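Reader: Could you take me through this structure step by step? I would like to ask questions as we go.

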Amino acid sequence: MCINIVVVDDDPGFRRIATTLLTARGLRVVAESRDGASALAAVRAHRPDGLLLDLHLPDLDGLSVARRLAEEDAPPRIVLTSTDKSFWSQEELRGAGIESFVAKDKLFDADLRGLFAPSAP
């Protein structure tokens, strides 16, 4: 099964690295976005299974993007990422519609396929 992902980060270098990692793990990146507004548009246009979402964006922060998507029908699985070492509880993340948090420096070692795989009903 193909899992489609949108990568959202204001740093084009990080988007390139994330896309390479996701593709190497068998996931398909269908779009990249550099800010919250274009992320919302990309999700609505592509209806991805997952969203790799940076916390710090130039217009909306990642939590605001996640909250807006959580209000829509069939939102994607959202994995928040950041260099910020602040940690949120699973309860706080889930409240914003976020599946999990992965620090950017830990992305290489993360089970990306597992994080974006659909939950069993």
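**A buried lysine and its surroundings**

Author: Lys104 counts as buried, at 18% relative accessibility; buried means under 20% relative accessible area, exposed over 50%, and partly exposed in between, with a 1.4 Å probe and protein chains only. This is a predicted model, in which local features need pLDDT of at least 70 and side-chain atom pairs count only at pLDDT 80 or more, while totals for chains, interfaces and linings use all residues. Residues are numbered from 1 along each chain as its sequence is written, and side-chain values use heavy atoms, with hydrogens and water left out.

Reader: Where is the place of Lys104?

Author: Lys104 is in the loop between S5 and H5. Helices (H or I, at least four residues) and strands (E, at least two) are DSSP runs, numbered from the N terminus.

Reader: And which residues is Lys104 in contact with?

Author: Leaving aside neighbours within four places in sequence, Lys104 is in contact with Asp9, Phe14, Asp54, Thr81, Ser82 and Thr83. Contact means heavy atoms within 4.5 Å.

Reader: Let us turn to Thr81. Is Thr81 buried or exposed?

Author: Thr81 is buried, and its relative accessible area is 0%. Its place is in strand S4. Not counting residues up to four places away in sequence, Thr81 touches Phe14, Leu52, Leu53, Asp54, Leu55, Phe101, Val102, Ala103 and Lys104.

Reader: New topic: the overall fold. How many helices and strands does the chain have?

Author: The chain has five helices and five strands. Along the sequence they follow the pattern β-α-β-α-β-α-β-α-β-α. The radius of gyration is 13 Å, close to the 14 Å that the globule rule gives for 121 residues, so the chain is as compact as a globular protein of that length. The radius is taken over C-alpha atoms, and the rule is 2.2 Å times the number of residues to the power 0.38.

Reader: How much of the chain counts as buried?

Author: Of the 121 residues, 45% count as buried. Among contacts with a separation of 6 or more, 61% are between residues 24 or more positions apart.

Reader: Which residues touch the most other members of the largest nonpolar core?

Author: They are Leu51, Leu53, Val65, Leu80 and Ile98, in a core of 23 residues. The elements giving two or more residues to this core are strand S1 (4-8), helix H2 (36-46), strand S3 (50-54), helix H3 (62-70), strand S4 (77-82) and strand S5 (100-103). A second, separate core has 15 residues, including Leu27, Val79, Val102 and Phe116. A nonpolar core is a set of buried Ala, Val, Leu, Ile, Met, Phe, Trp, Tyr and Cys residues joined through side-chain atoms within 4.5 Å.

Reader: Why would such residues be found together?

Author: In soluble globular proteins, nonpolar side chains tend to be buried together.

Reader: Then what of Phe108: buried or exposed?

Author: Phe108 counts as exposed, at 57% relative accessibility. Its place is in the loop between S5 and helix H5 (112-116). Not counting residues up to four places away in sequence, Phe108 touches Leu21 and Arg25. The C-alpha atoms of Phe108 and Leu21 are separated by 6.9 Å, although the two are 87 residues apart along the chain.

Reader: Lastly, which residues does Ala70 contact?

Author: Leaving aside neighbours within four places in sequence, Ala70 is in contact with Pro75, Ala96 and Gly97. Ala70 is in helix H3 and is partly exposed, with a relative accessible area of 41%.
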